[in-house]
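The sequence and the model come first.

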Amino acid sequence: MKILGIETSCDETAAAMVEDGRKILSNVVVSQIDIFAEYGGVIPEVAARSHLEAMMPVVDKALSDASCGWDDIDAIAVTHAPGLLGSLLIGTLTARTLAILHDKPLYAVHHLKSHVYANWVSGNSPEFPLLALVVSGGHTQILYMPGHNQFEIIGTTHDDAVGECFDKVAKILGLPYPGGPSIAKAAKGGDASHYNLPHPKVAGLDFSFSGLKTAVLRAVQKEVGVPISYPSHKLKELLTPQQVCDFAASFQKTAVEILCEKLEMALEQYSDVKSVVIAGGVSANEKLREEIEKIFCRERSGALAQVLLPPKNFSISSFFFPTPALSGDNGAMVAAAAYYEIKSGIKPTDPYTLNIYPRISIEK
Ligand code: KG4
Ligand code: ZN
């Protein structure tokens with residue numbers, strides 16, 4: 001079964017052709033990073049206009065790269081929630097129009113579900129029940145999945161998402177947008193133990209990242225000797241390149257430790273889980289991958305699957321990451337998620353009435 005997946009929830013215009021949920025025939029991603037690097041963040045109105053320009057060329061390329069015509073396509077899948085309103089509209093209106101025009105079943109997929117299914121299309125085979133640590137620019141959640149298409153949110157952030165925190169800290173340090181990759185790069189030249197940053201005290205499996213961002217801000221102000229009233233966008237001018245690297249490394253270490261602590265707690269509580277999947281843009285972070293491996297895993301079987309260190313009392317066998325290219329937003333994960341919906345007997349949506357939901361939960 002060949003599915004065309006379309007993704008436009010934020011600042012990537014993406015389309016892909018995937019066969020049977022796992023085989024990528026094409027994967028086209030046009031990023032708007034260059035536009036937003038200048039502004040230090042996404043401007044929703046500009047993002048929507050850029051999607052409009054890129055959308056059909058991206059779909060056409062996804063088809064031609066896969067050597068597919070419309071007759072070869074069994075279904076169309078599109079992100080309809082959550083995300084930026086204008087961005088979601090461009091993707092869904094395109095998918096609705098194409099589904100009507102070419103008489104194809106249409107599947108509307110939740111963005112976090114797609115991130116989770118990026119693991120299957122990366123070649124991983126996680127076993128249920130599993131835990132998914134979803135770490136993106138908009139979300140930080142731990143999900144319990146008893147089976148395909150079943151999600152229970154067992155931990156979530158009270159404020160900022162971890163990716164958002166990377167982006168905000170990068171801005172304070174004068175590093176380019178998106179903050180995740182630029183912090184990871186700067187951290188390579190820094191000392192992660194140079195600045196001692198606090199871990200927030202949040203009950204249970206929930207997270208909070210806005211306090212960590214403020215802690216970095218206060219530490220930078222202290223380091224360069226300015227009062228808290230000093231304009232934060234000017235702090236970068238007072239930091240030396242080495243201080244930037246040390247702050248990047250110390251922040252990254254703390255953010256990764258917070259994620260790993262909560263994951264460890266979740267594994268203790270959900271002792272029936274057989275696999276853990278990491279998903280979302282932040283799952284590309286090398287330090288996160290290394291740390292998870294160090295804490296939870298003993299040996300590698302291939303680059304992706306790892307075996308747990310005994311004698312931890314988790315009855316779990318493996319941790320999985322998407323390939324780095326599929327960690328961020330892409331159409332392949334949307335097509336993969338729709339394939340597993342079809343396999344579970346979920347019916348297609350009506351292309352004439354499909355709506356978008358900028359803030360809806362994955363549990364709904
Ligand atoms: O999943 P994603 O592409 O879009 C959303 O659904 O939000 O995630 C984007 C987020 C951004 O905040 C970006 O800074 C972060 O993922 N990110 C990273 C890395 N690459 C992207 N964060 C840490 N380390 C990375 N290597
Ligand atoms: Zn995403």
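1. Basis. This is a predicted model, in which local features need pLDDT of at least 70 and side-chain atom pairs count only at pLDDT 80 or more, while totals for chains, interfaces and linings use all residues. Residues are numbered from 1 along each chain as its sequence is written, chains are lettered from A and ligands numbered from 1 in the order in which they are written, and side-chain values use heavy atoms, with hydrogens and water left out.

2. Helices (H or I, at least four residues) and strands (E, at least two) are DSSP runs, numbered from the N terminus. Buried here means under 20% relative accessible area, computed with a 1.4 Å probe on protein chains only.

3. Partners of β1. Two strands pair if DSSP finds at least two bridges between them. With β2 (residues 12-19), β1 pairs in the antiparallel sense over 6 bridges; a hairpin through 4 residues joins the two, and L4 stands opposite M17 of β2. With β4 (residues 75-81), β1 runs parallel and is joined by 4 bridges, where I6 has V78 as its bridge partner.

4. Zinc site. The zinc ion (ligand 2) is coordinated by H111 (NE2), H115 (NE2) and D329 (OD) at 2.0 to 2.1 Å. Donors are N, O and S atoms within 2.8 Å of the metal (3.2 Å for Na, K and Ca); water is not among the atoms, so the site may look incomplete. The donor residues follow the spacing H-x3-H-x213-D in sequence. Distant parts of the chain are linked here: H115 lies in helix α4 (residues 111-121) and D329 in the loop between β12 (318-320) and α10 (331-343), 214 residues apart. Both H115 and D329 are buried.

5. Cysteines. With a disulfide taken as a pair of cysteine sulfur atoms within 2.5 Å, the count is 0. For C165, the nearest cysteine sulfur is that of C260, 15 Å away; C165 is buried, at 0% relative accessibility. For C245, the nearest is that of C165, 18 Å away, and C245 is also buried, at 17%.

6. Helix pair. The axes of α5 (residues 162-173) and α6 (residues 179-187) come within 8 Å and cross at roughly 60 degrees. Axes are lines fitted to C-alpha atoms, for helices over the stretch in contact, and angles run from 0 to 180 degrees between N-to-C directions. The two helices are therefore oblique to each other, given that angles under 35 degrees count as roughly parallel, over 145 as roughly antiparallel, 65 to 115 as roughly perpendicular and the rest as oblique.

Methods: Buried < 20%, exposed > 50% of the residue type's maximum accessible area, 1.4 Å probe, protein only.
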